[in-house]
Amino acid sequence: MTGTDAVEGLCDGLGVSRSGYYKWLNKRESRRQQEELRLRIRIQTIHRESQENYGRPRVYEALKQEGIRCGHNRVGRIMKECGLFGV
């Protein structure tokens, strides 16, 4: 079975079009997703540099001091998703 035959068989089995599969395969992250990843990395760095003491309020303030604009609820959500919490 060639590569295209395998893809066609899988697409038929899953009920999706081949063009839809290739579009999904080649799609790029949105600007929001890229921003979210950068913010997640920065939050993890701030938390680690604080010896894991900073919670959401201090991490939020540190981001604000750096000029990074985001809401405190967003910081809290990202910290929760990453399993980060303050002491």
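Visitor: How far apart in helix α5 are R77 and E81, in helical turns?
Guide: In this predicted model, the side chains of R77 and E81 meet in a salt bridge, 3.1 Å from N to O. The two residues lie four residues apart in helix α5, so their separation is about one helical turn.

Visitor: Is E36, which forms a salt bridge with R77, buried or exposed?
Guide: The closest N and O atoms of E36 and R77 are 2.8 Å apart. This pair links distant parts of the chain, with E36 in helix α3 and R77 in helix α5, 41 residues apart. R77 is partly exposed, at 33% relative accessible area. E36 has 12% relative accessibility, and buried means under 20%, so E36 counts as buried.

Visitor: What is the relation of helix α4 to helix α5: parallel or oblique?
Guide: The axes of α4 (residues 56-65) and α5 (residues 72-82) come within 9 Å and cross at roughly 120°. That angle makes α4, relative to α5, oblique.

Visitor: Which residues form a nonpolar patch on the surface?
Guide: One member, W24, sits in helix α2 (residues 18-25). W24 counts as exposed because its relative accessibility is 54%, and exposed means over 50%. The patch has about 330 Å² of accessible area together, and its residues are Y22, W24 and L25.

Methods. Residues are numbered from 1 along each chain as its sequence is written. This is a predicted model: local features need pLDDT of at least 70, side-chain atom pairs count only at pLDDT 80 or more; totals for chains, interfaces and linings use all residues. Side-chain values use heavy atoms; hydrogens and water are left out. Patches are made of residues with over 30% relative accessible area and no salt bridge: like charges are joined within 9 Å, nonpolar side chains (Val, Leu, Ile, Met, Phe, Trp, Tyr) within 5 Å. Accessible areas come from the Shrake-Rupley method with a 1.4 Å probe; for residues, only the protein chains shown count as cover. A salt bridge is a side-chain nitrogen of Lys or Arg within 4 Å of a carboxyl oxygen of Asp or Glu. Buried means under 20% relative accessible area, exposed over 50%, partly exposed in between (1.4 Å probe, protein chains only). Axes are lines fitted to C-alpha atoms, for helices over the stretch in contact, and angles run from 0 to 180 degrees between N-to-C directions. Angles under 35 degrees count as roughly parallel, over 145 as roughly antiparallel, 65 to 115 as roughly perpendicular and the rest as oblique.
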